[in-house]
Structures are given as structure tokens and as C-alpha cells.
Amino acid sequence: MSAADPTATSNTGGLKRGLRWRPGDTLFRSVTGLAALASGVLILGIAYTVFRDAWPAFHTFGFGFIGHAVWDPVRNVFGARDFLVGTLISSFFAIVLGAPIAIAIALYLTEIAPRYLRGPIAMLVELIASIPSVVLGLWGLLVLGPILDKHIEPWLHDHLGFIPLFGGSPSQVGMLNAIVILTIMVVPIITSITRDLLVRIPGELRDGALALGLTDWETIRGVVIPYAGPGIAAATILGLGRALGEAIAVAQVIGSSTGIHVSLFHAADTLAGRIANEYFGAASKLQLDSLIGLGAILLVITLLANLGAQVIVLRAERRGVL
Amino acid sequence: MDTNHFVGRRIALAMVALAAVLFAVFAGVASAKNAKGSDDRLSGAGATFVFPLVSTWIPAYQQATGTQVAYASVGSGAGIAQITARTVDFGASDAPLSPDQAAACNGCLQIPWALSATAVTYHVSGLNKQLKLIGPVVASIYLGKITKWNDPAIKKLNPGLNLPDKSITVVHRSDGSGTTYNFVDYLSSVSPEWSSKVGRGVSVNWPTGEGGKGNAGVANIVLSTDGTIGYNEISYALANKINVAALQNKAGMFTTPGIRAITAAASTVKRVPASNEMHIVNPPASQKSAYPISSFTYIIIPKKTGKAATLRKFVFWALTEGQKPQYTQKLLFVPIPKPVLVAAEKTLKQVGS
């Protein structure tokens with residue numbers, strides 16, 4: 001930008017502050033700007049470190065590392081396939097179960113619940129998000145596991161056993177336990193973002209719907225969902241990011257088994273779960289590198305998911321919906 | 001001109017702020033490095049296996065010498081990681097250092113400083129007697145080749161036992177663990193198939209079964225699921241009242257892990273290699289009552305350390321005074337045998353500053 005063209009510095013076009021230097025402003029701008037810069041530097045720095053440290057694994061096994069099935073710490077042969085699939089399956093089901101519940105809660109809180117109930121219920125839902133994941137994992141192991149094993153999984157097996165997903169023999173730890181725990185984790189995230197979106201829907205739209213004599217359901221379907229849809233989709237993807245990356249709780253309840261199993265009752269494992277379990281016990285440098293390799297894959301997936309959410313929001317903003 | 005001046009100022013301020021942040025970070029790192037404390041304190045981290053024993057040592061040792069020892073039971077792998085980074089004065093591990101770990105640790109010594117056993121645990125409701133197993137059958141179960149509790153191979157070992165027609169749920173550790181090392185060390189020595197297909201390590205490629213995190217994770221699954229088989233440190237299994245299987249040793253006797261049986265296994269040690277890496281699983285038949293999954297656990301210390309004298313004194317105390325029954329017996333640890341003690345003391349002499 002050239003100093004010869006004074007208009008170039010003013011992008012607001014309108015009022016311009018005096019040219020007198022204000023130290024307070026400068027300091028404030030520097031501090032906030034630096035904070036913003038730091039987050040950018042941090043994400044790049046983390047990505048750089050993860051990929052640098054994961055490089056030996058990719059160098060040794062090639063990019064086949066991603067699709068390779070064996071994970072053998074004794075023979076030093078590593079591949080990410082089973083954990084990648086486990087991560088995708090557990091997160092997929094957590095979202096499929098969690099998103100409708102979360103959106104239903106948010107709709108209830110903004111559209112249907114009596115006013116005196118809205119605050120307390122919203123608070124309770126957000127309290128779920130504050131449960132430390134290690135505590136939730138313990139609950140999954142000690143309380144949920146036996147219930148799944150003795151009641152829910154046998155029932156699913158007896159009534160829906162023709163679906164291969166429910167075909168195995170019941171077990172306390174396994175994919176289903178992890179899915180339920182992850183569902184509990186994503187619900188408050190999606191609920192609270194969705195609720196904020198719904199609250200911001202202009203009153204005139206609701207009034208209009210009311211004036212047309214629409215029912216609650218018709219208002220939700222015709223006004224609320226189209227208006228908040230992209231935001232809800234983005235909220236769901238943020239929830240997905242949480243599910244993809246959860247390590248400790250998953251490691252406690254998923255049963256850490258390799259292989260791809262159709263039955264949801266069977267023990268499985270995820271990228272984050274495997275890292276949490278083996279990082280501190282790694283016997284060889286290559287095992288450590290490969291665990292970081294799992295982290296690199298996970299990082300790429302979660303970054304893609306979050307980018308996806310931002311693209312959705314951006315496109316919606318451009319259309320003027322948000 | 002004004003703009004440039006403004007931008008320049010802004011950049012300068014930003015640089016100052018950045019420098020301040022970096023300074024704060026590095027100062028933090030530096031102070032953490034120096035925070036090891038004075039010479040009358042020792043900090044250690046590692047195996048959960050020896051934690052109960054070390055906890056009984058700490059007050060006694062402080063009373064005797066005035067030295068404060070802090071021990072964090074974070075697991076063998078984390079212990080090795082911490083001593084490798086020198087954030088503690090000593091590490092502790094149930095598995096001997098792997099070649100990679102030894103190289104990374106850069107001049108570390110491993111000294112066997114305690115001795116106990118790993119129990120094969122099970123939960124089959126309604127059994128009228130204790131379950132008896134032999135190594136190859138345990139290996140077959142963990143290879144996924146024996147899948148029912150009333151399999152002929154198990155029935156043959158347990159005449160008169162009402163074994164049910166029930167699937168066996170195999171439980172193993174999901175985290176890298178010294179207990180796993182001891183268990184698969186045993187399976188490798190009794191089953192050629194295990195040795196060639198799976199092998200030994202702190203974490204292995206399990207052919208079957210579900211993983212529990214930590215001793216507690218495995219114990220919890222075994223205790224609450226009918227039809228399970230697992231493995232735990234013996235003191236942990238006893239404290240949680242889990243059924244322990246009797247295992248046949250080379251002499252043909254079925255033994256359960258107890259002081260006498262572990263002592264017998266340890267007394268088969270005649271020679272100690274320079275690395276101090278000891279394997280006493282599946283011991284020779286000369287000891288009739290030996291329990292076959294007994295193992296040493298190690299303290300890992302750097303050869304060069306600023307606290308050489310303090311550290312040598314503590315380890316020597318642990319190897320001698322610390323082995324007395326008042327500390328070890330209740331926890332089912334066994335005093336380390338003479339040849340190991342001699343080798344340990346010799347190794348300890350290498351520690352200097």
C-alpha cells in the first residue's frame with residue numbers, strides 16, 4: 001500500500017480517526033492481533049510437528065500405512081486401517097444417534113418447552129458437556145457396560161439379530177459402548193450451538209408463521225429448519241470433530257481389538273484410542289512414530305471436518321441466511 | 001508517511017510482545033528443568049506393579065535416612081519415558097528395556113529390585129473347584145483356538161469339574177504393560193505357535209479377545225462378565241478377590257502364585273547376564289513347587305546423575321532392608337535371590353556423577 005495514496009488506508013470510507021497516535025489503541029490492537037496470530041502459528045506448528053514426527057512411519061510403510069491392516073508391536077509392522085475404520089464407524093453412529101436427539105432438545109427448548117423449564121433444562125444439557133471424559137469413560141465401563149451386556153445387546157440380538165450389526169454375542173466393552181459414550185459427548189455440543197441459532201431467528205418470521213395459522217410442526221419445518229439448517233449442519237460437524245478425536249473415554253470402553261468387525265458388540269479400536277493406550281508403553285521408535293502417524297491421520301480428518309463446517313456456514317452467509 | 005510510521009510502531013510492539021511470550025515460555029521450561037529439588041529428595045515414576053511395595057518403603061526409608069522419596073505409579077512405559085527425559089531421578093519398569101528404549105535412555109542401568117508373579121484369573125460361575133490349566137492350553141485360548149469352557153483340552157486337566165458349555169471371553173491389557181510382558185513371555189516359552197505368531201512385548205498383536213485399560217480395566221471385565229479369562233498382578237488379583245487358576249510347572253505340579261512358589265521359581269536363577277535382564281518364567285523342573293509366571297521388576301537409573309550418592313544409597317536399601325518380610329510378605333513380593341543381589345550391587349557401583 002502506497003503512502004502517496006492516502007485514501008488507500010481508509011477502508012471504512014466514512015469517518016476516520018484523527019491521525020494522532022493513541023498508544024492505548026495500538027497496544028490493544030497488538031495484543032488482540034497477536035493472540036489471533038498465535039492461534040494460527042500454533043495450528044501450523046502442531047501440524048508441522050505431527051507430520052515431521054510421523055514421517056518415519058510413512059517413510060517405512062509408504063502411504064499404504066493408512067490402508068494397512070496389521071498392527072504388530074512385536075514385529076514392528078504397523079498399519080492404520082483398523083483404527084481408521086473404527087474411528088469413522090464410531091463417530092458416524094454417534095452423530096446418527098446424537099444429532100437428532102440434540103436437535104430435538106434444542107427445538108424443545110426454543111419452540112415448545114414452557115419458559116420456566118427452558119433455563120434449567122439447557123443448563124442440565126450443558127452440564128453433560130462438563131463431565132470429564134475420563135469420568136464418562138469410567139461410567140461407561142462400570143455402569144453402562146453391564147447394562148449393555150445383560151439387557152440391551154441381548155434384546156437387540158433377539159429382535160434385530162438379522163441385521164449383521166447386531167449379530168455378535170453381547171459384551172461389556174466394544175464398539176456399541178463407545179458409540180453410546182460418544183453420543184453422550186456430542187449431544188450437548190450440538191444442542192447448545194443449535195439452540196443459540198434458533199433463538200436468533202427473527203421474531204417477525206415466527207409471527208408470520210403464526211399469522212398464517214401454521215402448527216408448531218409446520219413452523220419448525222417451514223421456517224425454523226430452513227433458516228437455521230446450515231448452522232445446524234455446521235454444529236453437527238463440530239460434534240463430529242469431538243467424536244473423532246475423543247481418546248481416553250473410548251480407550252476405556254472400546255475393548256482395543258484389531259480387525260474390522262461387522263458386529264457393533266465386538267471390541268474394536270479408534271485412532272485416538274490406540275494412541276492413548278500405547279503411547280507411553282511404546283517399545284520401539286517405529287511404534288512411537290506409527291502412533292504419531294495415527295495422530296497425523298486423525299488431524300487431517302478433524303481439520304477436514306472443521307473446514308467442511310466452515311464452508312457450510314460461509315455458503316449460508318453468502319446466501320444471506322445467517 | 002504517517003501510515004508507515006504507524007505500521008512500524010505496530011510491528012515493533014508486536015515484536016516486543018512476542019519476545020515477552022517466548023521469554024515466559026522458555027523461563028518456564030528452564031525452571032521446570034531445575035525443579036528437581038535438593039539432594040535429600042528423590043523422585044521416581046513407573047510401574048504400577050511395585051507401587052504398593054515402594055509405598056511401604058517410603059515412610060520407612062525417610063525415617064531411617066531422612067531422604068524423601070516420591071514415587072508416581074504411572075505405568076512402566078511412562079516411567080521409561082520419564083527417566084529417558086530425566087524428569088525424574090529413577091524410573092521403574094516390569095519389562096526390561098527394549099534395545100530402542102535402552103539406546104534412547106542414553107546410559108541407563110536396569111537393576112532387578114523386586115520379584116513377584118502374574119496370575120491367570122478367570123470368572124466362570126458355578127464351578128465347584130479351582131480351575132487347573134497348563135501353558136499350552138492358556139496359549140491356545142489366547143490364540144483363539146480353544147473357545148469353549150468345556151473344550152476337551154480343559155476337561156482333561158480338570159476331572160470332576162463342572163465346566164459349562166459356554167464361550168470363553170479372552171481379556172487382555174489394552175495399554176502397554178509390564179504385566180502383559182510377563183504373561184506373553186510365559187506363553188512364548190511354553191508355546192512355539194505363540195512365540196512365532198505373536199511373540200513377547202509390552203503390547204502385542206492379540207489374535208483374539210477384548211482389552212481393558214490397566215490392571216483395573218482387566219479386573220473389572222473379568223469380575224463382571226461370566227466366562228472370562230484374564231491375567232493380573234497377583235497382589236492385585238488377591239486384593240480384588242478374583243479367582244486364580246493353578247498352573248502346571250515343568251515338574252508337573254499345579255501351583256498357585258504364593259510366596260513359596262515364587263521363591264522356588266526365583267531360586268532357579270544361577271547366573272545374571274550383564275544387562276540384568278532376567279527371565280524366570282517356565283523355570284526348570286528342579287524346583288518342584290515353582291510358579292511358572294514369576295518375574296522380576298526393574299528400577300532404571302542413569303549412570304551419570306547429580307544425585308549419584310543419594311540414589312545408590314536408596315537402591316541399596318531397597319535391595320537389602322527393603323526385601324525383608326515386613327515390607328514384602330503381605331504384598332506377595334519375594335526377596336530377590338542371592339546371585340541377583342550380587343549382580344545388582346555390582347551394577348549399582350557404576351552409578352556416578
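Predicted model: local features only at pLDDT ≥ 70, side-chain atom pairs only at ≥ 80, totals over all residues.
Local features require pLDDT of at least 70 and side-chain atom pairs pLDDT 80 or more, while totals for chains, interfaces and linings use all residues. Residues are numbered from 1 along each chain as its sequence is written, with chains lettered from A in the order in which they are written.

The contact between the chains takes 40 residues from chain A and 41 residues from chain B (C-beta atoms, placed from the backbone, within 7 Å). Helix 1 of chain B gives the most to its side, with nine residues (helices are DSSP runs of H or I, at least four residues, numbered from the N terminus). By class, the chain B side has 21 polar, 12 nonpolar and eight charged residues (Asp, Glu, Lys and Arg are charged; Ala, Val, Leu, Ile, Met, Phe, Trp, Tyr, Cys and Pro are nonpolar; the others, Gly among them, are polar).

In chain A, helix 9 (residues 271-278) packs on helix 10 (residues 285-318) at about 150 degrees, with axes 9 Å apart (lines fitted to C-alpha atoms over the stretch in contact; angles run from 0 to 180 degrees between N-to-C directions). The angle therefore makes helix 9 of chain A roughly antiparallel to helix 10 of chain A (over 145 degrees). Residues of this contact divide into seven nonpolar, two polar and two charged.

The largest nonpolar core has 177 residues (buried Ala, Val, Leu, Ile, Met, Phe, Trp, Tyr and Cys joined through C-beta atoms within 7 Å; buried means 20 or more other C-beta atoms within 10 Å). Helix 5 (residues 175-199) of chain A gives the most to this core, with 16 residues. B:Val120 and B:Ile300 have the most contacts inside the core.

Conventions: Contact = placed C-beta atoms within 7 Å. Helix = DSSP H or I, 4+ residues; strand = E, 2+ residues; numbered from the N terminus. Parallel < 35°, antiparallel > 145°, perpendicular 65-115°, else oblique. Buried ≥ 20, exposed ≤ 12 C-beta atoms within 10 Å, placed from the backbone.
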